[in-house]
Amino acid sequence: MKKRRTGKKTRRIRNIRLALTVLMALAIGAGLLGYQWFRVNRIPGFTREAEVFVYPGETLPDIHDRILAAGPKSEKALDAVFEDKKVEKYLTPGHYTIKPSYSYVFVARMFNNGWQSPVRVSLNGALRLKEEIASCLASQLLVPQQELLDALEDKALLSKYGVTPETVSALFMPDTYEMWWTSGVQDILAHQKRIYDQFWTEERSAKAASQGLTRMQVSTLASIVNSESNYQPEFPLIAGVYLNRLRSGEKLQACPTVAFCYDFKLNRVLDRHLRIDSPYNTYRYPGLPPGPICCPTKEAMDAVLDADTSKGYKFFCASPEFNGTHRFAVTYRQHMANSREYSAELDRRHQEKLNGEHS
C-alpha cells in the first residue's frame with residue numbers, strides 16, 4: 001500500500017512539473033510574441049529623420065532606398081512589417097516624413113493611408129505673370145504646370161473663388177505656406193482664398209473703405225507699389241502718390257503697368273511704348289488697371305491701407321544717389337527738376353564707365 005501511494009505521489013509531482021514546464025513555455029512564447037508586437041508597434045524604429053516622396057505609379061522597391069535613409073534599426077523587421085501590412089498593395093502617393101520616434105507599424109500605416117506631412121511652399125515677391133505663378137507652384141508641388149496655367153485662365157472655375165483671370169494674382173500673396181504636396185488645382189485655389197480672406201480683417205476692411213477702395217483695388221494698387229520699388233519704408237509714400245492722382249482725376253502714369261503690357265520684357269519704357277492700346281496702360285486710360293500686375297505682397301497692401309497722402313505728392317522719380325530710394329514732388333516742375341538731376345547723374349556714371357573701359 002505504501003509503495004502504491006508513493007507511486008501516485010511521484011506521478012502527481014511529475015504531472016505538476018510537466019504542467020509548470022508547459023506553462024513556462026507558453027509564458028515565454030507569449031512574452032516573445034508580446035515583445036515582438038511591442039517592438040514593431042511601439043518601440044521607435046529609426047535613427048534619423050527622412051523625407052520620402054512617393055510619386056504616382058511608384059512601387060515599394062522604387063522607394064526602398066528613400067526609406068532606408070531614415071536608418072531603420074532592423075531592415076529585416078521593417079520588411080516583415082511592410083509585407084504583413086501589404087504596403088506594396090496600398091502604397092499611396094504623397095510626401096511623408098519618417099521620424100526616429102516612429103515605429104515600423106506606424107510607418108507602414110502612414111504609407112498605406114496617405115498620412116502625409118505638409119511641404120513648405122514659397123511664393124516669392126518676383127511673381128508677375130501667370131506663367132511664373134504656375135511654374136513656381138509646379139516646382140514645389142505634384143500638380144502639372146500646364147494644368148495650373150489652364151486653371152488661372154478658367155473664368156468659370158475662378159468665379160468659385162471670387163476672382164477672374166485678370167484678378168487671380170491677388171490670391172497668391174508672397175509668403176511661405178504649408179500645403180499638401182499632392183494638392184490639386186482646386187485645393188491650391190481654396191487654400192489661397194482662405195489666406196486672402198484671413199488677411200482681410202475687420203480693421204483692414206475698414207481702412208480700405210476709408211480709402212474708398214475695394215479689396216481688389218487695394219491688391220491692384222499694391223501690385224503697382226511692389227513693381228515701383230523694393231524699399232519698403234517708401235511704400236506708403238508711393239501708394240500716397242497714386243491715391244492723390246486717383247482722387248484728383250489724373251491718370252496714374254505708372255510705368256510698370258506699361259511694362260506689364262509687354263510681359264515685362266522691356267529694358268526701359270520708352271515714349272513709343274506709352275501708345276499701346278491696353279486697359280493696363282495707365283498713361284492712356286484713367287483709373288486703376290483691371291487687376292494686379294504682379295502678386296502683391298502683404299507689406300505693399302498694408303502700405304496702401306496706410307498710405308501717406310498728407311504731403312500732397314503726385315510725382316516721384318529715382319534718387320540720383322542710386323540707393324533704391326526716390327525723390328517725391330508735389331508739382332510737375334519739381335518733378336522735372338528731380339528727373340533732370342537723376343538723368344545728369346546717370347549720364348555722368350555712364351561716361352565714367354566708358355572712360356574706365358578705354359583707359
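Ring pairs join Y242, Y313, F316 and F328 into a cluster; here, rings of Phe, Tyr and Trp (its six-membered ring) pair if their centres lie within 6.5 Å, with planes under 30 degrees apart counted as stacked, over 60 as edge-to-face and the rest as tilted. The model is predicted, so to speak of local features a pLDDT of at least 70 is needed, side-chain atom pairs count only at pLDDT 80 or more, and totals for chains, interfaces and linings use all residues. Residues are numbered from 1 along each chain as its sequence is written, and side-chain values use heavy atoms, with hydrogens and water left out.

A pair of aromatic rings is described by the distance of the centres and the angle of the planes. The structure holds 16 aromatic pairs. One of them is formed by Y196 and W200, which counts as edge-to-face because the ring centres are 6.5 Å apart and the planes stand at 70 degrees. Y196 is buried at 6% relative accessibility, and W200 is buried at 5%, where buried means under 20% relative accessible area, exposed over 50% and partly exposed in between (1.4 Å probe, protein chains only).

Y242 and F316 also make an edge-to-face pair, at 5.9 Å centre to centre and 85 degrees between the planes. Because Y242 belongs to helix α12 (residues 235-247) and F316 to strand β5, this pair ties together parts that are 74 residues apart in sequence; helices (H or I, at least four residues) and strands (E, at least two) are DSSP runs, numbered from the N terminus. Y242 is buried, with a relative accessible area of 2%, and F316 is buried at 13%.

Helix α12 also holds N244, a buried residue with a relative accessible area of 12%. Beyond its neighbours within four places in sequence, N244 is in contact (heavy atoms within 4.5 Å) with T309, G312, Y313 and K314. Y313 is itself a member of the ring cluster.

The loop between β5 (315-318) and β6 (326-329) contains P320, which is buried at 9% relative accessibility. Its contacts, leaving aside neighbours within four places in sequence, are R327, E341, Y342, E345 and R349. The C-alpha atoms of P320 and Y342 are 4.4 Å apart, although 22 residues separate the two in sequence.

Charges over rings complete the picture. A charge sits over a ring if NZ of Lys or CZ of Arg is within 6 Å of the ring centre and within 35 degrees of the ring normal. The charged end of R128 is placed over the ring of F264, 4.2 Å from its centre, while R204 lies over the face of F199 at 3.9 Å from the ring centre.
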